[in-house]
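This briefing goes through strand pairing and salt bridges in one protein model. Keep the structure open while reading.

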Amino acid sequence: MTGKLSIVAGVGLGLLASTAWGETGSVALMNANQNALAITVYQNNLGVVRDQRTLALTPGQSTVLLNGLGNAVIPDSLDLVLTGDDVWLTDLVANGRRLSYNDILERLVGQTVTWASTNPATGAETRREGRLIAMAPQPVIQFGDEVSFNPPGRAVFAPDQVPLEMMSSAVASIKAGKKTQANTDLVYLSQQVSWNAGYTARLLPDNNSLMLSADIVLTNNSGRDFNDAAVTVVAGEINKAGHGPIRPMGAQLKQVRSMAADVEMAAPAPQPEATQDYWRYDLSGKRDIPDGATVKIPLLNQVTVPVTKKFVLENGVQNYPVRNGNDGDTRRHPTVNLTFKNEDQSGLGQPLPAGLIRVFNVGDDEGRAPTLLGEDSLQSTPEGELVRLQLGEAFDVTAERNQKTYERIDDDPAQFETTYEIVLRNAKPVGTAVDVVEWMPGDWEILDESAKHVRKDARRAVWSVSVPAKGQATLTYKVRITN
């Protein structure tokens with residue numbers, strides 16, 4: 001018979017046994033009885049976990065404490081299936097807030113507690129009983145005729161003083177008709193586990209090509225370790241309706257530490273597989289993803305990609321009407337942009353998942369640390385699409401921009417003409433080209449210009465201006481604006 005109940009969330013099944021349950025016995029579902037562990041990780045801070053184990057049951061009602069479920073479970077996502085002979089899952093309760101040490105003491109105010117203290121000189125432990133008078137907020141305990149406020153040491157609880165059902169993330173009630181073995185199959189969602197692609201690019205000295213490689217960067221802050229797990233990652237962003245950000249159910253999350261993946265250098269990169277409207281990567285073998293760790297696994301072996309490098313000076317939409325709105329006293333620097341196409345001819349031609357890309361310089365002196373040219377976020381890029389990267393600002397290329405004229409047309413405040421002058425200077429020993437991008441409000445028409453523009457779209461005009469080595473070039477244009 002199969003029993004199933006979907007009600008709560010969890011991460012793993014590390015359980016404790018207790019005998020303080022009246023006629024209901026408790027069951028320990030041990031790590032040693034784990035049959036399989038798998039996790040599918042998404043790029044928007046979500047993981048789907050499947051944890052399969054073997055459970056030994058005696059006749060009657062048993063209570064299974066589901067501990068070790070991590071700090072970021074989604075409380076309505078637990079799906080627990082039992083498979084066995086004469087076995088039923090009768091109840092499943094989630095604990096959104098588990099009891100802490102102080103919570104237990106609060107519940108024991110007025111009762112006798114055992115207090116253990118250690119002699120710092122000898123290391124010997126002494127235990128004595130006292131009545132817990134109050135938590136204010138530290139323990140106040142009466143030992144005989146003495147009252148001690150926050151005495152050194154710790155409380156030692158008897159089994160009947162600790163409500164174990166309140167210490168676990170979830171409690172399952174299971175009924176068996178006879179002594180039997182049951183297989184448990186737990187599937188649930190957890191936040192605070194995610195992945196992104198991490199790209200490393202090296203710009204060759206000719207500025208016409210990149211050496212590009214990529215890793216899968218897995219981050220686990222879920223509050224549990226995923227050991228010996230089959231791991232799949234999915235590229236693309238799925239919709240998460242309703243639950244929004246999840247507050248951790250336990251202590252504060254651990255600080256992330258960096259950890260290299262235990263993989264052979266010659267291991268092949270995982271191949272993308274289309275699954276509905278997403279791409280998935282099944283990683284070979286089993287992986288350990290410790291809590292608080294960042295694990296890197298090769299995704300794309302190094303390829304050489306043709307690239308186009310451009311300097312771009314982009315000015316946002318002006319707050320028209322403007323009179324004498326000069327920014328000529330402010331020196332600006334064009335941004336350094338790189339573009340390449342995700343296609344077979346470029347050595348790619350496969351889905352490029354979203355992630356951070358860092359671009360380094362090739363040709364630095366051997367033995368020195370490489371020069372980071374800049375980093376950017378690479379968006380999810382299908383085959384055949386362009387990748388556009390912005391690395392930073394060009395140090396030796398500068399610009400000054402001035403509004404030279406402003407005139408209303410027929411006293412109509414909604415229509416006017418204005419002239420701009422943009423002076424570009426190049427301190428490099430070689431000539432360069434700068435794409436000047438001007439954003440226009442409303443309807444616009446270029447009336448006069450020193451170089452021919454391209455109408456990129458309804459809001460932008462683009463001029464490509466050649467600037468000689470150690471020299472300068474000036475772009476002027478007059479535009480009519482109708483708002």
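How many residues lie between β32 and β33 in the hairpin that they form? The hairpin of β32 and β33 has four residues between the two strands. This is a predicted model, in which local features need pLDDT of at least 70 and side-chain atom pairs count only at pLDDT 80 or more, while totals for chains, interfaces and linings use all residues. Residues are numbered from 1 along each chain as its sequence is written, and side-chain values use heavy atoms, with hydrogens and water left out.

**Terms for strands**

- Strands (E, at least two residues) and helices (H or I, at least four) are DSSP runs, numbered from the N terminus.
- Two strands pair if DSSP finds at least two bridges between them.
- Strands of a sheet pair through backbone hydrogen bonds, either parallel or antiparallel.

**Strand β33 and its partners**

- Strand β33 covers residues 460-467 and is mostly covered, with six of its eight residues buried; buried means under 20% relative accessible area, exposed over 50%, and partly exposed in between (1.4 Å probe, protein chains only).
- Strand β32 (residues 454-455) pairs with β33 over two bridges in the antiparallel sense.
- In this pairing, Arg 455 is opposite Ala 461 of β33.
- Strand β30 (residues 432-439) runs antiparallel to β33, and eight bridges join these two strands.
- Thr 432 has Val 467 of β33 opposite.

**Strand β23 between parallel and antiparallel pairing**

- β23 pairs with β30 in the parallel sense, over five bridges.
- Strand β23 (residues 308-315) also pairs with strand β24 (residues 335-341), here in the antiparallel sense and over five bridges.
- Val 312 takes part in both pairings: its bridge partner in β30 is Asp 435, and in β24 Thr 335 stands opposite.

**A five-strand sheet**

- An open sheet is formed by five strands in the order β11-β10-β9-β8-β12, with antiparallel pairing.
- β11 (146-149) and β12 (154-156) are the edge strands, each pairing on one side only.
- On average, neighbouring strands of this sheet are turned by 45 degrees against each other, direction ignored; the axes are lines fitted to C-alpha atoms (for helices over the stretch in contact), and angles run from 0 to 180 degrees between N-to-C directions.
- Strand β10 (residues 139-143) is joined to β11 by four bridges, and the two run antiparallel.
- Gln 142 has Val 147 as its bridge partner in β11.

**Salt bridges**

- A salt bridge is a side-chain nitrogen of Lys or Arg within 4 Å of a carboxyl oxygen of Asp or Glu, and the count by this rule is 15.
- Arg 358 and Glu 375 form one of them, with their closest N and O atoms 3.0 Å apart.
- This pair links distant parts of the chain, 17 residues apart: Arg 358 is in strand β25 (residues 355-361) and Glu 375 in strand β26 (residues 372-378).
- Arg 358 is partly exposed at a relative accessible area of 39%, and Glu 375 is partly exposed with a value of 39%.
- Glu 400 and Arg 425 meet in a salt bridge at 3.5 Å, N to O.
- Glu 400 lies in strand β28 (residues 397-409) and Arg 425 in strand β29 (residues 412-426), 25 residues apart.
- Glu 400 counts as partly exposed at 25% relative accessibility, as does Arg 425 at 32%.
- Glu 438 forms a salt bridge with Arg 401, the closest N and O atoms being 2.8 Å apart.
- Glu 438 in strand β30 and Arg 401 in strand β28 are 37 residues apart, and both are buried.
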